Amino acid sequence: LSHFVQVTPMNPPAITRRSALQAAACGFGYLALAGLAGRNAALAGAAANPLAMKLPHFAPRAKRIIFLFMQGGVSHVDSFDYKPELFRLDGQSVPFDNARKVANSGQRGTAERIMKPLWNFSQHGETGRWASTLFPEMNKHLDELCFIHSLHTEGVAHGPATLFLHTGATQFVRPSMGSWILYGLGTENDNLPGFVSIAPSAGNGGARNYGNAFLPPAYQGTAIGKAGGPASDLVIRNATASAASKLATPEQRKRFELMRQLNAEQLSRTPGDAEIEAVIDSYELAWRMQMNAPGVLDIDQESKSTLDLYGIGHEPTDVYGRQCLMARRLVESGVRYVQVTYGDNSANPRWDQHSNMPKHADHAASVDKPIAGLLTDLRQRGLLEDTLVWWGGEFGRTPYSQGGSGRDHNPTGFTHWLAGAGVKPGFSFGATDDFGHTAVRDKVHMHDLHATLLHVLGLDHERLTYRYAGRNFRLTDVFGNVKREILT
Amino acid sequence: MLAASGELDLTTGGPTYKVGMGADYNFAQPSNRRSVYLPVFRNALPELFQVFDFADPSMVVGRRNVSTVAPQALFLMNHPFPREQAEAAAKRLLADTSLGNDDARLDFATRAILGRGPTSDERTTLTGFVKARGDDHDAAWADVVHALFASTDFRYVN
């Protein structure tokens, strides 16, 4: 094989990737070597790989992000935003600017009935943070978490708010945050996708929430499984043929080898065609993903104590536990951006308790231990030093009741937390009013959060632009301020 | 692929989807009709479309994206659709008594799939593959058709 990998400045590549592949008579198993030859060819001036690692704008605080998306809108007033007034005024009518009514009719100051939190609050950890009993396992990590209590966003309904959270736009089709990050930083691992969305929802924007929009398609997120799906579904789409056996069967190898050979023969008749060369690249990467991804996603390799940490093998934590453990394995392998969605494909996604707030307890029971386990595991492995974990929903919920037993969407003030690289542990930033309804102090708009998260990764949100339809675009449009107060 | 496999449903007229459908979430393409009868729903774009740069139905698209990425290769290698069509095409080739030998089958398959006969290299490779697979003609021909579907000459109009 050595005769075609010797590419030096004095010896420009006389052999194309295609002929290299033809020469690779040992077959598909040697494509990784052919890939190395291609990398040398790229250094010699061939087309650049869009996923090659790029330098950030400045020194990053974190290398990668795990986003734990609580789809439907988890209640901040029942979990981490403690408001004693809600207990005192339970059942009383108070005028609010109800975001739904404002959006529908412009009517402000409507009388709404306060509903006290369904879970009692107490103080935790050395920081003495107030938190409810809704997430008892997460509460053990409060001293590590950096809370933003003053988040506010665009969109009153799930569709626009979910798109805004993921893409910074409620209605226009824009690249998702993971795609921007991959575009800005490239990938650390050639054998895996750089941006993975685990169990994404098909609804409320669906694939747009991990889509590349106008960015080159190489930056789109790779979906693993789908929201609400079983654990067996957690595979890279169409890399499933090898998932069961974890290795390609001899029949598959023969089939792929035939495909490779036929392509090589067809390509030899149009030498030097970059587009056709890209096909060879795509098959190489597909093969490497096929061979590598199942191993990375194979959590059976983990010890029993690790599986227990995430609640794997027990209900109701098994599925989200597996997904969180996969997220750890993926970031450990160099994936830049991993999202783990706790959601479903319905019009009222999981946390969307319009009429039955006690249902929040079921969802909390499913995610609490897996998330706490993820934090513990990341810390034990030293991964929290360069990984940022981000938790939250597309909006929060109202402090007043809807229909007596539920809470409506609340985009005007809600809580997210961050943990790990780049952010202050045991810290709280911003505040909502006395009812937990509207962000009033040190407000953080979703654009600000996006700008801050990019900053943590070493990217200037104003310089991370892409030219499309005659002008430059960015994740934060013309908005966004980095909230340096929360950074280390 | 449907044309090559003989599975294409050429029925004309009639609705493209069931009347009274409440939502497009999880809509599954129910038939093998021509693509003009394939409804385009924002929330249920067929996977084939998603993978191969179909214009985003939520977006004004002045120029279609042309990408060549690994998920396309994975789709062609592993998605059930190309495999099922390849298997159907193989059955059809083997059942056709007018195609007396592997050379005749390959001529037919490449004309149906690539719009041309095989080159001598392709003939050597593909008929050689069938011979090497021995008695399992169905699987061998399914692999040949599958490889033709995954080939650049099938994906690109020269």
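The contact, counted as heavy atoms within 4.5 Å, takes 45 residues from chain B and 41 residues from chain A. This is a predicted model, in which local features need pLDDT of at least 70 and side-chain atom pairs count only at pLDDT 80 or more, while totals for chains, interfaces and linings use all residues. Residues are numbered from 1 along each chain as its sequence is written, and side-chain values use heavy atoms, with hydrogens and water left out.

**Interface**
- Chain B and chain A bury about 3,700 Å² between them, 61% of it on carbon and sulfur atoms; buried area is the accessible area (1.4 Å probe) that two parts lose on being put together, summed over both.
- The interface holds 3 salt bridges, each defined by a side-chain nitrogen of Lys or Arg within 4 Å of a carboxyl oxygen of Asp or Glu.
- A:Arg255 pairs in a salt bridge with B:Asp143, with the closest N and O atoms 3.0 Å apart.

**Salt bridges within chain A**
- Over all chains the count comes to 34 salt bridges.
- A:Arg407 and A:Asp78 form a salt bridge whose closest N and O atoms are 2.7 Å apart, and both residues are buried, that is, under 20% relative accessible area, where exposed is over 50% and partly exposed lies in between (1.4 Å probe, protein chains only).
- A:Glu302 and A:Arg329 form another salt bridge, at 2.5 Å between the closest N and O atoms; A:Glu302 is buried at a relative accessible area of 10%, and A:Arg329 also counts as buried at 10%.
- A:Glu302 and A:Arg329 belong to a network of salt bridges that also links A:Arg328, A:Glu332, A:Asp377 and A:Arg381.

Technical notes
Chains lettered and ligands numbered in written order.
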